[in-house]
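Please look over the sequence and the model before reading on.

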Amino acid sequence: MSASESVRPSPEALLAEAQRHERGRLKIFLGAAPGVGKTYEMLSVARRKQAEGIDVVVGIVETHGRQETEALLAGLPQMARRHVPYRDRALEELDLDALLVRRPQLALVDELAHTNVPGSRHAKRYQDVQELLDAGIDVYTTLNVQHLESFNDIVERITGVEIRETVPDAVLEQARDVELIDLPPDDLIERLRQGKGYVPGAAPRALDNYFSRGNLLALRELALRAAAERVDDDMSTFMRAHAIAGPWPARGRLVVCIDATPASDHVIRTAKRLADQRHVPWTAVYVQTLGTGLITSHREQLDANLALASQLGADTAILTADRVGEAIVDYSRTHNAAQIVVGRVRDLRHRLWPRRRLAQWLLEHGTEFEITVVGDATAEAASSRQRRPRAWGPLLTTREAVLAMAFAAGATGISYPLEPFIGSSNLALIFLLAVTFAGAMGGLAASLLTSVAGFMAYNYLFTEPRYSLTVDQPSDVATLLVFLAVSFVVGQLAARMRRQASDAWRSTRRVETLFDFSRRLATAVDERDLLGAAAGGMSELLGQRCVILASTTERRATPPDEWVRAREFNDTDQAAADWALSHREVAGHGTGTLPAASWHFLPVVQSNQALGVIGIHFPGSVDAVSAEQSRLLFTLQAQLSSAWERLRLRQLAQDARLRQTAESLRSALLASVSHDLRTPLVAITGGLTALRDLSHNIPETDKARLLAGAIAEAERLNRLIQNLLDMTRLSYGALTLRLAPLEVRDVVSEAISRLGSLLDAYEVAVNLPAELPAVQADATLLGQVLVNLLENAVKFAPPGSTLAIEAQSVKEGVQIAVIDQGPGISAAERDKVFDLFHRAQQRDSVAAGAGLGLSICKGFVEAMGGTIVAHEGAQGRGTRIEFILPAGR
């Protein structure tokens, strides 16, 4: 790397700085314990800001009866609190909506780790603060170090008190400023004795327990460490953003190994602190060995461990491999990890020997990594261990026990009649076969129980002395021991093959379902089809009811009306869906935002735009989305967003092509009809001008002739404009049909009358059978078709010739034809005359047209469900244009 490149500003650091300026600024007053003066200092700084002209509003501040704090609060404007009913009580909470409407420059929100009353929009107050920051409002808040998630287990071990209200460390990292409010333990103890932190009755009890001097010293050290790490992180970001060369070396990722036991809780928190100290990203990895599965309690614990790691800022990964250690080393190597953190627990009740073996294996084989082995936290926190769930489930189910005994009894029953023919020594093969079937059908526990039961039956019934478990012959002892060992091995192999086959089947089924999901999305023809296919596929994959709600122009996720009427989608669900859509974050059931909703909503985001939300309905017994479902949802959401965006782009491209086509049509129309529009206008203008200026010198017969000519040209111009309007309607698909049974005779008569004097020079012959059925058509469109065909015939037929209109009933409906005695159309051009702007090659004496009439005829006839063609006229002269329309019903 060159010197110039080494001092180049970091894009990530510059982006972080830019994002900080876009949002409101957060300042956290951090303390080691309650009573150190965080709220007092926050109010003091806020009063100074108010004196500088800053618009400061108190969102919510708890004084706990401290007079000096109430005195500072008295001079600041305060928002009215929101009263929330809960268990026959009215509790006070921050009125977030009112504060967003008030929109001050600076808002004071006390107790960042506070848990909101159930039914609030957010489960935690720090989420309310996040929404204020997103709205561009600066926020001052207070926080005690024991509420930081990564320090939660350490505080519990120090004080013996479990802290249930926690704040993710990411909130502290997002703060623009962190001010440490430090007070020596002796001074804090004296304040408590004076009743400044607790009510007088509670202060002695607090001093004897939580606020002991040793506890306060340890908490003060944690607060100083958190503040120091925050300052160091700010300095590193500043140096990277301003291209200041630093002494830090390049570091890789940290990988922490977790399992499905509660002990991983301590390992994850330790890994979080190590990653923060070294300023490296970290990943929590769980390895599932081939052919093994998790019972429900283990799966729930694994989901909780993965959720904790994600909450603390880690990436998560689930690997499937035959050897755990090799999988972890390979993953660490491919992801450029420098440190591996693994737990070591000595409590055998939690099956810790595999993890001890894993730690030892990593120390021996992971020589290129720094291996950190974390000690057992449960040995130091007995109370915590007592409330943790047991890490194992039932070793043998009723089904497996019945299956094992049935196979053992079956092998015994088969061996009795076969013993005289094959001998007692060969009967062991029958019992081995039973063990194999038990392992294949019931699993490892069933195969082991079948082995033991078969061993006892074989020893009792088929070895000497019979009907006794004693063995006289040394050879029989060897036979029995070999039988028992082989049966164990065969049973384990059969059970393992069964599990692997089951895993392979599930994986294949999952891949097939995902492929089917992708195929459904790829074959969707419109947005409605896409959303329906996606909702159906997700419901099959997740085993829950799913729906996809598209975003409206008002950025709302509107459910179907029948859901609202059936009360399947209430106001809370609607608020959660709108929140997920507008903030592009998960909301609803199982989240921290509007958790009272019965639906879990995941936004579908593509190109930084929310296209809609995925809604998953969970029954009341399900608390949250599992880690496996969350990973599957992420995959499905990515596929759906890509397909949705592809469909939208295709629609936009189609719209662009239509606009381009319409624009080309508009240009062609202007170029084609400019002469045809000008010709009648010139005739009309000339005739009317002559009548105005020379009326006293023009004979009456000439005046009548000029007026008739102007009227004829005006009618011709009107027909041309009507053709233009009709072509525009056809091009934009704005044609509205009013189909009804029509008498052909009436429509023909009206068309002839509309042309008026244009037909005076021709003989019009109408040949319509009396029994001709009605035609199913639009009266206006059918009349325009006949007018255009007659006008086209007049244009090419010589004066004095005959124009014929014929109709007859055919199998397809009613056939109507217009026949002229003009020069006709060549066979090569008969299929082209219906194209837009096409003009048949004629002599110079024939009037040219715009090339619209026959094209409009074709469009109207096809719109009414018919067909139109051009033929040669009778006796090889003229043109016959005929069209067929459905008969009237």
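Two packed helices are described by the angle between their axes and the distance between the axes. Here axes are lines fitted to C-alpha atoms, for helices over the stretch in contact, and angles run from 0 to 180 degrees between N-to-C directions. Helices (H or I, at least four residues) and strands (E, at least two) are DSSP runs, numbered from the N terminus.

The model is predicted; local features need pLDDT of at least 70, side-chain atom pairs count only at pLDDT 80 or more, and totals for chains, interfaces and linings use all residues. Residues are numbered from 1 along each chain as its sequence is written, and side-chain values use heavy atoms, with hydrogens and water left out.

The protein chain has 28 helices and 23 strands. Of its 889 residues, 45% count as buried (under 20% relative accessible area, with exposed over 50% and partly exposed in between, for a 1.4 Å probe and protein chains only). Contact means heavy atoms within 4.5 Å. Among contacts between residues at least 6 apart in sequence, 70% join residues at least 24 apart.

| Pair | Angle between axes | Distance between axes |
|---|---|---|
| H26 and H27 | roughly 50° | within 9 Å |
| H18 and H19 | roughly 160° | within 7 Å |
| H27 and H28 | about 150° | 9 Å |

Helix H26 covers residues 744-755 and helix H27 covers residues 779-796, with axes that cross at roughly 50°. That angle makes H26 oblique to H27. The cut-offs are under 35 degrees for roughly parallel, over 145 for roughly antiparallel, 65 to 115 for roughly perpendicular, and oblique for the rest. The crossing of H26 and H27 is right-handed; a crossing is right-handed if the near helix is turned clockwise from the far one by less than a right angle, and left-handed if anticlockwise. Residues of H26 in this contact include Val747, Ala751 and Leu755, and those of H27 include Leu782, Leu786 and Leu790. The contact of H26 with H27 divides into nine nonpolar, two polar and two charged residues. Ala, Val, Leu, Ile, Met, Phe, Trp, Tyr, Cys and Pro count as nonpolar, Asp, Glu, Lys and Arg as charged, and the others, Gly among them, as polar.

H27 also packs against H28, and these two helices are therefore roughly antiparallel to each other. Their crossing is left-handed. On the H27 side the contact includes Leu781, Val785 and Leu789, and on the H28 side Leu854, Cys857 and Phe860. Helix H28 (residues 853-863) has buried residues, among them Leu854, Ile856 and Val861. Just after H28, Gly865 takes a positive phi of about 90°.

Helices H18 (residues 428-442) and H19 (residues 444-462) form another pair. H18 and H19 are therefore roughly antiparallel to each other, and their crossing is right-handed.

How confident is the prediction, as a mean pLDDT of the protein chain? The mean is 77, and 78% of the residues reach 70 or more, where pLDDT is the predictor's confidence in each residue, from 0 to 100. Confidence is lowest in helix H16 (residues 382-387), at a mean of 40, and highest in strand E5 (residues 106-109), at 94. Where pLDDT is low, the predicted coordinates should not be read in detail.
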